Amino acid sequence: MYAIVDIETTGGHASANGITEIAICIHNGKKVIDRYSTLINPGIDIPLYITALTGISNEMVRTAPRFDEVAHDIYHLLHGKIFVAHNVNFDYSFVRYQLTSAGYDLQCNKLCTVRLGRKILPGLPSYSLGKLCRHLGIENESRHRASGDAEATSILFSLLLQNDKENHIATALKQNSKEQVLPANLPKADVLALPQSPGVYYFHDQKGKVIYVGKAKNLKKRVSSHFTGNNPGPQRQEFLRNIYRITFQVCGTELIAFVLEAVEIKRLWPRYNRSLKRFEHTYGIYTFEDQRGYIRLAVDKQRKQMGTIYSCNSLLEGRTILRRLIDMFELCPKLCFIQNDTLPCTGINNTACACDGLEAPAEYNKKVNTAIEELNGVLPTFAIRDAGRTDDEQSCILVEKGKFYGMGYVSHYFDADNLQQLKTYLTPYPGNDYIKGLVSGYATKFPERKVVFSQ
């Protein structure tokens, strides 16, 4: 027995919205044998755009029952049936959320007429309910009303049953089938193609645009976890509506996947990624020569197209490093922008200070260059050699003078003691403090995988 369901709601996800109307058609595999339909008072205002779409207004539902008042009838209509709907996960998430709130635990097998339509009636220009009905000649005089859409879906389901020559419906109902939990528009083949390897995966929308990037130790397991459970929150509901395709890149290690995910999120700026899209106020130490010929050191926010001699996480960290260089090499605090007042220079060599022109540029610049060499000397250059995607290669991540350079794959027999030669095998990527922290932490945890280059 099948319960063909359609609902109208106040919004797109169950946890913050309510049902305004529900219709259920009980189908015995041949025809509809029972019907149920009612308006429901959602307990919250119906937005004007929803009223414009469905015709259901606040006045219409004011005297309608609340969901908990009809939950008993709805539960017993659905219990033990196969829950069928057009884009089933949307309707099921709302109904199950409301039943749970009323004290009922709904557990049903599900069938999605969008997914079944793509399999049983392939090649149609659209599988939205309205366009599918027009193409198949199914009349629906109450579009965007639960009763009209449920009746239309019932007729569509009967046609699907009649034309299911390859038993797609029976296959979808098998206990180990993933069809019931997959997004309506996502081909099952995309999930089946995922390997059980580390990597990065991409969710694409209908136009092919990447809307989410994720990393995984096991691609198949991680991607499948997005579609399990019945989370009524907005992000899951957005996924279910908008995921049309999945692509992926296999990585040699989980670390490579972590780094590539961070790079790709910055490059693609996907709609549903949040955690790695924070704006980073990173700082750097810069050097330039002023009009008098003195080399100046300064701390400022990192900017594109401007190279730093040292990257730091904060203005405080940069100024602390500059003060140490000032003390070690008798640099001028005014020329390093540490002292910004009009008082006499507080440097060690203030009797013949460069800021007053009492120390020649050539002499002062020698000290600055020595300080820069010292700073560069403490920045590590190392590679991490680790497992590759196949047995005959290794992954390699390169950090050069404290900065993430890039990564790639080299032959298992490649000798990585030549830095310049190694760089020709790697792909440069933009780095940031998050990536630098990932790589440095990994190198500390697994020192045996670290190859240090002499400066």
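How many positive and negative side chains does the protein chain have, and how far apart do the centres of the two sets lie?

1. Charge. The protein chain has 55 positive and 46 negative side chains, where Lys and Arg count as positive, Asp and Glu as negative, and His and the chain ends are not counted. The centres of the two sets lie 3 Å apart, with each charge placed at NZ of Lys, CZ of Arg, CG of Asp or CD of Glu.

2. Basis. This is a predicted model, in which local features need pLDDT of at least 70, side-chain atom pairs count only at pLDDT 80 or more, and totals for chains, interfaces and linings use all residues. Residues are numbered from 1 along each chain as its sequence is written, and side-chain values use heavy atoms, leaving out hydrogens and water.

3. Overall form. The radius of gyration of the protein chain is 32 Å, whereas a compact globule of 455 residues would have one near 23 Å (taken over C-alpha atoms; the globule rule is 2.2 Å times the number of residues to the power 0.38). The C-alpha trace spans about 100 × 60 × 40 Å along its principal axes.

4. Secondary structure. There are 16 helices and 16 strands in the protein chain (DSSP runs numbered from the N terminus: helices H or I, at least four residues; strands E, at least two).

5. Asn 87. This residue lies in the loop between strand E4 (82-85) and helix H4 (88-101). Asn 87 counts as buried because its relative accessibility is 18% (buried means under 20% relative accessible area, exposed over 50%, partly exposed in between, with a 1.4 Å probe and protein chains only). Of the 455 residues, 51% count as buried.
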